[in-house]
Amino acid sequence: MFAETSEIRLRDRCVALSTSFLLRHFALGDKFSPIKKSNLCTLDGLRPSFEERFSGGTNWLKFLKDVNVSVENFIPFVYPVELQQETKIRIHTNDLPFQQSQISSPTICKLFDEYVNKEWNSSIFIATDASKARTACQTVLKSLESIHRKSPTISLQIGSAIIRAIPRSKAIKLVWVPAHVGITINEQVDEAARAARTLDVNIYPYISTEDLRKVIFRLQADQGRIQWESTKYFRSFTHLPKTTKTQLLPRRKEILLTRLRTRSLPTKAILLKVGLESSPLCRQCGIVDSNDHLLLTCIVFDQLRNKLRVVGCWRPSLQWTLCM
């Protein structure tokens, strides 16, 4: 079931949560973390009385060693600032002429160049082509509009840097620009970013606790997958992919799909094992009523299978069917 939902085991999740909790408090430092200030958590380990509360928390030092990260590499926490209260700061996401989607790319480039030439000498101009849609993971510009203490570390650092830059300019303008429309400086930045990915250079030797948290959960998931693949039951579920795409289906259909893929649909063969049926045989076919039989050969569903064959959406293979 964990493989099907791309989740990790509860025990591994507890270890990951306790490890990321301690790392975050180290990043908060003495000024913002009572745990760090009270020396309950140090580079030598945890106090005995505190360690009892974190069954998996003792692994955090080992984790840092395994990923070759030092506490000095943590991006420090800074107190949230309210950019919207600053009169010199303006955030533009959709109110400028070149930000409208219905105009052509050459027109966008022309309007953008005109705007830059007008504002260049009087303002600090910061542009980004990240999506401006307000989704579960807000873009940097959207998150800067409402910074709070749980905002991403990068957003907090950017907000703090912008506040420090206020005395140096008449105005600071954060602007969203359309991507891949031919804006010269945007294409240059994209090219530099692509080149940086291939360089064997530690460009910025710092990491946020949010990124560390992702690494922790990925490593725990990998360990759980390795243990699962070494069990005797794994051979029965090799048809399941290592990662499962999230499907926007009604819950009843998701439950049915998961039961089919994990071969846990309550067929007569399974119900017989728990004493809820007196025979494992299919009433219509007279053979063992299993998931394989239900999907591939049961005469009750012959007409539906034939319809799928006509439109080319059916192959007589259980593995192909369950991986759909």
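In which handedness of crossing does helix 2 pass helix 10? The crossing is right-handed. A crossing counts as right-handed if the near helix is turned clockwise from the far one by less than a right angle, and as left-handed if anticlockwise. The contact draws on both helices. Helix 2 contributes Arg11, Asp12, Arg13, Val15, Ala16, Leu17, Thr19, Ser20, Leu23, Arg24 and Ala27. Helix 10 contributes Thr209, Leu212, Arg213, Ile216, Phe217, Gln220, Gly224 and Gln227. Contact here means heavy atoms within 4.5 Å. By class, the residues of this contact are eight nonpolar, six polar and five charged. Ala, Val, Leu, Ile, Met, Phe, Trp, Tyr, Cys and Pro count as nonpolar; Asp, Glu, Lys and Arg count as charged; the others, Gly among them, count as polar.

The model is predicted: local features need pLDDT of at least 70, side-chain atom pairs count only at pLDDT 80 or more, and totals for chains, interfaces and linings use all residues. Residues are numbered from 1 along each chain as its sequence is written, and side-chain values use heavy atoms, with hydrogens and water left out.

Two packed helices are described by the angle between their axes and the distance between the axes. Helix 2 spans residues 10-32 and helix 10 spans residues 209-229. Their axes come within 9 Å and cross at roughly 160 degrees. The two helices are therefore roughly antiparallel. Angles over 145 degrees count as roughly antiparallel, under 35 as roughly parallel, 65 to 115 as roughly perpendicular, and the rest as oblique. Axes are lines fitted to C-alpha atoms, for helices over the stretch in contact, and angles run from 0 to 180 degrees between N-to-C directions. Helices (H or I, at least four residues) and strands (E, at least two) are DSSP runs, numbered from the N terminus.

Five salt bridges are present in the structure. The criterion is a side-chain nitrogen of Lys or Arg within 4 Å of a carboxyl oxygen of Asp or Glu. One of the bridges joins Glu191 to Arg194, at 3.0 Å from N to O. Both residues belong to helix 9 (residues 184-198). They are three residues apart, so about one helical turn separates them. Glu191 is partly exposed, at 47% relative accessible area. Arg194 is also partly exposed, at 44%. Buried means under 20% relative accessible area, exposed over 50%, and partly exposed in between (1.4 Å probe, protein chains only).

Salt bridges also link Lys268, Glu277 and Arg283 in a network. Lys268 pairs with Glu277, with the closest N and O atoms 4.0 Å apart. Glu277 pairs in turn with Arg283, at 4.0 Å from N to O. Lys268 is buried, at 12% relative accessible area. Glu277 is partly exposed, at 22%. Arg283 is exposed, at 65%.

Ile108 lies in helix 6 (residues 105-119). Its relative accessible area is 4%. Beyond its neighbours within four places in sequence, Ile108 contacts Phe98, Gln100, Ile103, Pro178, Val181 and Ile183. Val177 is 69 residues from Ile108 in sequence, with the two C-alpha atoms 9.1 Å apart. Ser155 belongs to helix 8 (residues 153-165). Ser155 is buried, at 4% relative accessibility. Residues up to four places away aside, Ser155 touches Ser143, Leu144 and Ile147.
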